[in-house]
Each structure stands twice: as C-alpha cells, then as structure tokens.
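Please read the report below alongside the sequence and the 3D view.

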Amino acid sequence: MKQAVTTLTFRTSGRGLTDITQAITEWQRGSGIQEGLLTLLCRHTSASLLIQENAAREVRSDLIDWLDRVAPEGPHYDHDEEGPDDMPAHLKATLTGVNLSIPVIDSRLALGTWQGIFLAEHRRMPHARQVALHLLGM
C-alpha cells in the first residue's frame, strides 16, 4: 500500500461553485497510485465540496439559487458575527457536506461522464479555501 497527501488552496470569487476537478486530477495522476481511494476534506465551515454536473452551467446557478432559498439571509439567526451571510453559509455547508470519497481505477478518478468536483463557496466575499487530499492505494 502507498499513500499520498497534500493540501491544495483554491481562490473563490464569492458565492458560487468553482470547478476543482482538473487540479485534483493532476495531483492524483502525479501520485503514481493506480488503484485506491481518494478522500477530500474542505477545511472550512462556510464552504463545502460537491460532485455535480460539469456540462450545463445552469446546474451550478440553480443549485446556488436553491441553497439561497433553503438557507436565506436575514435577522432570524443568532450567529451573525461576520455578517448576514455568516449563519446561512454554515447551514449550506452542513447540507452539502465537507468531504468526498472517490475511487481511483486504472489510474483515473472514477467520476462519471458528466461529473466534476466543485468547491462551493457559501460566502459573498472571495476567499482562499483549503482542501486536504489523502490517496491510499497501490
């Protein structure tokens, strides 16, 4: 068994989904591991990770719009130290999750044809977000 670990930093431009598939794939291919399991962890409480369609950009905007309806900004939250988008961002991260597991088969991530890995930024302002990667395999 071999393992590889790293932390990648991604800059977001504010609320939305950033496709991080290419950076993850390049790191995975450079690891030399041909069969295994890749685990990803978003190291933040107001951002998250998703596997979602990577072809139609409308999917991304529809997802963000839906999350805004489910967890809207407003004065009804006790936690608002960092502004009105603070607590809704935590709720959205809770709904979407901060970790993913992706099999590696034949030296490739076992993503479907239309699947990509996305970093979801739930805050209005741009941020530098860290994603920790751990690949275990042969």
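The model shown here is a predicted one.

Helix H3 covers residues 86-96, and its buried residues are Asp 86, Pro 88, Ala 89, Lys 92 and Ala 93. Seen down the axis of H3, these buried residues fall within an arc of 165°, so they line one face of the helix. Thr 94 and Leu 95 are exposed on the other side of H3. The cover over the buried residues of H3 includes strand S4 (47-53) and helix H2 (57-70).

## Helix H2

H2 is made of 14 residues. From its first C-alpha to its last it reaches 20 Å, close to the 20 Å expected at 1.5 Å a residue. Val 59, Arg 60, Ile 64 and Leu 67 are buried in H2. They cover an arc of only 130° around the axis, which puts them on the same side of H2. The spacing can be read with a general rule: an α-helix has 3.6 residues a turn, so residues three or four places apart point the same way.

What do the buried residues of H2 pack against? They pack against S2, S4, H3 and S7. The face of H2 turned away from its buried side carries the exposed residues Glu 58 and Arg 69.

## The sheet of five strands

Five strands form an open sheet in the order S1-S8-S3-S5-S6, and their pairing is antiparallel. Strand S1 (2-11) and strand S6 (108-109) stand at the edges, each with a single partner strand, so one side of each is left without a neighbour in the sheet.

Strand S3 (residues 36-42) and strand S5 (residues 99-105) run antiparallel and are joined by six bridges. Leu 41 has Asn 99 in S5 as its bridge partner. Helix H1 (residues 21-30) lies across S1, S3, S5, S6 and strand S8 (128-137). The helix H1 runs at about 155° to S1.

## The sheet of three strands

Another open sheet has three strands in the order S2-S7-S4, with antiparallel pairing. Its edge strands are strand S2 (16-19) and S4, each of which pairs on one side only. On average, neighbouring strands of this sheet are turned by 35° against each other, direction ignored.

Seven bridges link S4 with strand S7 (residues 115-121), and the two pair in the antiparallel sense. Glu 53 stands opposite Gln 115 in S7.

## Inside the fold

The largest nonpolar core has 21 residues. Which of its residues have the most contacts inside it? They are Ile 24, Leu 38 and Leu 40. The elements that give two or more residues to this core are S1, H1, S3, S4, S5, S7 and S8. Leaving aside neighbours within four places in sequence, Ile 24 is in contact with Leu 8, Phe 10, Leu 38, Leu 40, Leu 109, Ile 117 and Leu 133. There is also a second, separate core of five residues, among them Leu 17, Ile 64, Phe 118 and Ala 120.

Gln 28 is a residue of helix H1. Is Gln 28 buried or exposed? Its relative accessible area is 0%, and buried means under 20%, so Gln 28 is buried. Not counting residues up to four places away in sequence, Gln 28 touches Ile 33, Val 104, Ser 107, Arg 108, Leu 109 and Leu 135.

## The loop between S5 and S6

Most residues other than glycine have a negative phi. Asp 106 has a positive phi of about 55° although it is not a glycine. This residue is found in the loop between S5 and S6. Asp 106 counts as exposed because its relative accessibility is 58%, and the cut-off for exposed is over 50%.

Ser 107 also lies in the loop between S5 and S6. Ser 107 is not a glycine either, yet has a positive phi of about 65°. With a relative accessibility of 29%, Ser 107 counts as partly exposed.

Methods:
Residues numbered from 1 in each chain as written. Predicted model: local features only at pLDDT ≥ 70, side-chain atom pairs only at ≥ 80, totals over all residues. Heavy atoms only, no water. Buried < 20%, exposed > 50% of the residue type's maximum accessible area, 1.4 Å probe, protein only. Helix = DSSP H or I, 4+ residues; strand = E, 2+ residues; numbered from the N terminus. Arc of directions from axis to C-beta. Contact = heavy atoms within 4.5 Å. Pairing = 2+ DSSP bridges. Axes fitted to C-alpha atoms, helices over the stretch in contact; angles between N-to-C directions. Core = buried A, V, L, I, M, F, W, Y, C linked by side-chain atoms within 4.5 Å. Expected span 1.5 Å × (residues − 1).
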